[in-house]
Amino acid sequence: MKTNYLFYALICIVSVGKIKAADLYVRDLGAGGAYSTISAAITAASDGDRIIIKPKIGNVPYLENLSINKSLTFTSENNFSKYYVQGTISVVPGAGRVVNIHNMYAFQSGINATSTIITGGRCTINIVNSIADKNLDLDVKNVTANIYGSTFTNLDFMHGKIMGNTCSYIYLQKESAPSVTSAIYIAGNKISTIIGYSSYPVNILNNELESSITMQDMLSGSTNIIQHNLIKIGSITANSDNPCIVIVENNIINPGSTNHEIFSNVTPTVIASYNLSTSAFTTYNVDIQNNNISSGSYTLDLANFTSSGDIVNAGRPEEEYQDLDLTRSDIGPLGGSNSWANYWPTNAGNKPRVMFLNTPRRVYLGTSSIQAEATGISK
Ligand SMILES: [Ca+2]
């Protein structure tokens, strides 16, 4: 009898287990009993399910419009191989909804969030190791966008973490009455330009920019950090109509024909230190300046993570700003905890990557720092 009771108990566990998320397969022509379209799998799926999509032979796209209105994870059936989708790919925001898009190639397409305004929670859209030939339009209230290791044309967003991507423009848009307080991170990206109006504290770290960083407005009372970026030709603008602090440090700024390396309007308090310019270092409405380097010379190879010259060991000297090799911080994208080497190359050897580091390393208890130890595992 004991055995029977045990058996009954196991049946119960299995029954409860049926609530667990399911895997729904999508294959060309519905091979092996799979769904033949991604849309059919979305219709059949429940919150928390995974939709596992087999790339078609020759990367022929799944030609369909997707309306993702559940918490779902989309991933490839073939490891490290993208499935192509061509059509309008939309996430319908829902309170508490989490949509994970992995290894998608949005062929001649973009990915957008519909303008559905939700209340009582946020919707999170995670796009990882994906490509979109067009834009990611995710600037909808109460939508958080986390984009890692992906390539696309332009990104519009309001809140989230944008790390290790290749794109043209990043547009940060204002969000009315934001429902969370966590900061925005734009780090380790290979981009043209960042233009921002932010409703959250902003951290712009270790990006390689063809052109400028232009913040037009920032959150009242916030501390914003623009650190370790390389601006090939352009400047940093830190404007705000709201009083806030902007720390601009350890950046390489090549102003080209621009008048100044750093611009600001009167309202924000801008503190600029340990930046390097290849010409005379001049600023407009910067409140505090120290240790900025004029007419610096350097070499920087972001493909091979090598550098020399005036940027090496010339950043902020404090321990919490140290480089990954525990030497004094370098100026530019290779320096500091969010070093370029942490993000690039993306998908190297198809190995797992740690895509977000919450840094710097100092841990505070009240106003004093405490001893802490942590281990990072790339698995
Ligand atoms: Ca160093």
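Two strands pair if DSSP finds at least two bridges between them. The legends below use that rule on a predicted model.

**View 1. Strand β8 meets strand β11.** Strand β11 covers residues 123-128. Strands β8 and β11 run parallel, and five bridges join them. Look for Val99: its bridge partner in β11 is Ile125. Ile125 is also among the residues with the most contacts inside the largest nonpolar core.

**View 2. Strand β5 meets strand β8.** Strand β5 spans residues 73-76, and strand β8 spans residues 98-102. Their pairing is parallel, over two bridges. Here Phe74 stands opposite Ile101 in β8.

**View 3. The largest nonpolar core.** This core has 87 residues. Ile38, Ile51, Val85 and Ile125 have the most contacts inside it. Both domain 1 (22-157) and domain 2 (176-379) supply at least three residues each to this core.

**View 4. The surroundings of Ile38.** Which residues is Ile38 in contact with, leaving aside its neighbours within four places in sequence? They are Val26, Ile51, Ile53, Tyr62, Glu64, Leu66 and Val85. Two of these, Ile51 and Val85, are listed with Ile38 among the core residues with the most contacts.

**View 5. An open sheet of five strands.** The strand order is β19-β22-β25-β28-β31, and the pairing is parallel.

View 6. Strand β25 holds residues 230-231, and strand β28 holds residues 252-253. Two bridges link this parallel pair. Leu230 stands opposite Ile252 in β28.

Notes. Residues are numbered from 1 along each chain as its sequence is written. This is a predicted model: local features need pLDDT of at least 70, side-chain atom pairs count only at pLDDT 80 or more; totals for chains, interfaces and linings use all residues. A nonpolar core is a set of buried Ala, Val, Leu, Ile, Met, Phe, Trp, Tyr and Cys residues joined through C-beta atoms within 7 Å. A residue is buried if 20 or more other C-beta atoms lie within 10 Å of its own, exposed if 12 or fewer, and partly exposed in between; C-beta atoms are placed from the backbone. Domain bounds come from an automatic or database domain assignment. Two residues are in contact if their C-beta atoms, placed from the backbone, lie within 7 Å. Helices (H or I, at least four residues) and strands (E, at least two) are DSSP runs, numbered from the N terminus.
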